[in-house]
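Visitor: I would like to learn how to read strand pairing and helix packing in a model such as this one. Could we go through it feature by feature?

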Amino acid sequence: MMMAVTQDGVKSGAQAPRGPVLAIDLGATWTRAAVVSPDGELAARGAARTPFDGPSGRLADAILHVAEQALKAAAAAEGDPIAAVGVAAVGPLDPRSGVIVAPPNLGNGYRGLDLATPLRRRFGVPVFVERDTMVAALGEHAYGAAQGVDDFIYLTVSTGLGGAIFSRGRLLTGASGVAGELGHVPVLLDGPICGCGGVGHLEALCSGTAIARAGREAGIAARRDADAAMSASAALRGSADAAASTDPRALSAADVAAAERNGDERAAAIMRRAREAFAAGVVGIVNAFNPRMIVVGGGIARAEGERLLGPAREAIAASALAPAAAVVELTPAALGDDVGLIGCVPLTADRKEGSWQR
Ligand SMILES: [Zn+2]
């Protein structure tokens, strides 16, 4: 356990008592907040678009503002005071210090952004920051598809492709806290450049950003009117459907998927490549980790459903190592867009600041 006094003199290292959690989900497109009860019930929400870039102080203020919105609404409802703040944020980040490292899907202002200190100073309770996919895995384990399953992998296919590894009932953190970044595993050695700078990573082939970029390069047009309005409303719910760009008129992954359904050969090739990359990545995950379950969440996975999961199941049966293939179940996530908020309850429960997750 670490006990430290931070630069501004605020004590860290405290343990959160049981009680409602102020949960913040800092995504590449939306920042959302809610007060979540210990049984995973959400109340009192706030939301705003995540600024893509800016001075770090202004970025931190924007996040604080969304959290204050939710807390104000909760105070109006006269709930119990909050016991802790949990943050599910775009990675990679350092979960012990609460500092974002270098998010590939956001601007340079987020590099080295300390989320924990301003939140601790503002709300006066213990603050726990973790990568969004780690928090989602905690949420699915506590309340969702992986209840009672102690060896599972969580994957999210949305703006990016993220992951988390649960082994023997614990999150695998790795030596520096960034284990489970399964989107940054190479699946195509001469493939496209990833947002992280790597070559042929799974995320560079199968993610909202990758599908939209390939669609733009192939000259596929964005949908208009009714369809576009539907993707905009999906984005407002926090889905990654229209998340590949901040410009609602720009081509999104949902546009490419719709073009495939309308018989566009170029779109079909892009979507097929995304599915093949996903299937190859999943076979590698099954062989490497021997999970009992792979839980797949995120806006793209939800929209594509069996079109994405079906070929991956076939690839596991055809080419994964037999003892691993025999026990693994590939299943959709159960908690939807709120998973990053709900997961802040197990993230903060019975934990001391500055400690690794249990
Ligand atoms: Zn990468």
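**Strands, then helices**

Guide: E4 and E5 pair in the antiparallel sense over seven bridges, where strands (E, at least two residues) and helices (H or I, at least four) are DSSP runs numbered from the N terminus, and two strands pair if DSSP finds at least two bridges between them. This is a predicted model, in which local features need pLDDT of at least 70 and side-chain atom pairs count only at pLDDT 80 or more, while totals for chains, interfaces and linings use all residues. Residues are numbered from 1 along each chain as its sequence is written.

Visitor: Which residue of E5 is the bridge partner of Val35, and how many residues lie between E4 and E5 in their hairpin?

Guide: The partner of Val35 is Ala43 in E5. The hairpin has five residues between its strands, and Gly40 in the turn has a positive phi of about 85 degrees.

Visitor: What joins E3 to E4, and do they run parallel or antiparallel?

Guide: E3 and E4 run antiparallel and are joined by six bridges, with Asp25 standing opposite Arg32 in E4; a hairpin through three residues connects E3 to E4. On its other pairing, strand E3 (residues 21-26) runs parallel to strand E6 (residues 84-89), again with six bridges, and Ile24 stands opposite Val87 in E6.

Visitor: In what order do the five strands form the open sheet?

Guide: The order is E5-E4-E3-E6-E9, with mixed pairing. The edge strands, each pairing on one side only, are E5 (42-49) and E9 (127-131).

Visitor: How many residues of strand E4 are buried?

Guide: A residue is buried if 20 or more other C-beta atoms, placed from the backbone, lie within 10 Å of its own. In strand E4 (residues 30-36), seven of its seven residues are buried; Trp30, Arg32, Ala34 and Val36 lie on one side, and Thr31, Ala33 and Val35 on the other.

Visitor: How are two packed helices described?

Guide: Two packed helices are described by the angle between their axes and the distance between the axes. Axes are lines fitted to C-alpha atoms, for helices over the stretch in contact, and angles run from 0 to 180 degrees between N-to-C directions. Helix H7 (residues 265-289) and helix H9 (residues 306-319) pack at about 45 degrees, with their axes 8 Å apart.

Visitor: Why are H7 and H9 called oblique to each other?

Guide: Angles under 35 degrees count as roughly parallel, over 145 as roughly antiparallel, 65 to 115 as roughly perpendicular and the rest as oblique, and H7 and H9 are therefore oblique to each other.

Terms used
A residue is buried if 20 or more other C-beta atoms lie within 10 Å of its own, exposed if 12 or fewer, and partly exposed in between; C-beta atoms are placed from the backbone.
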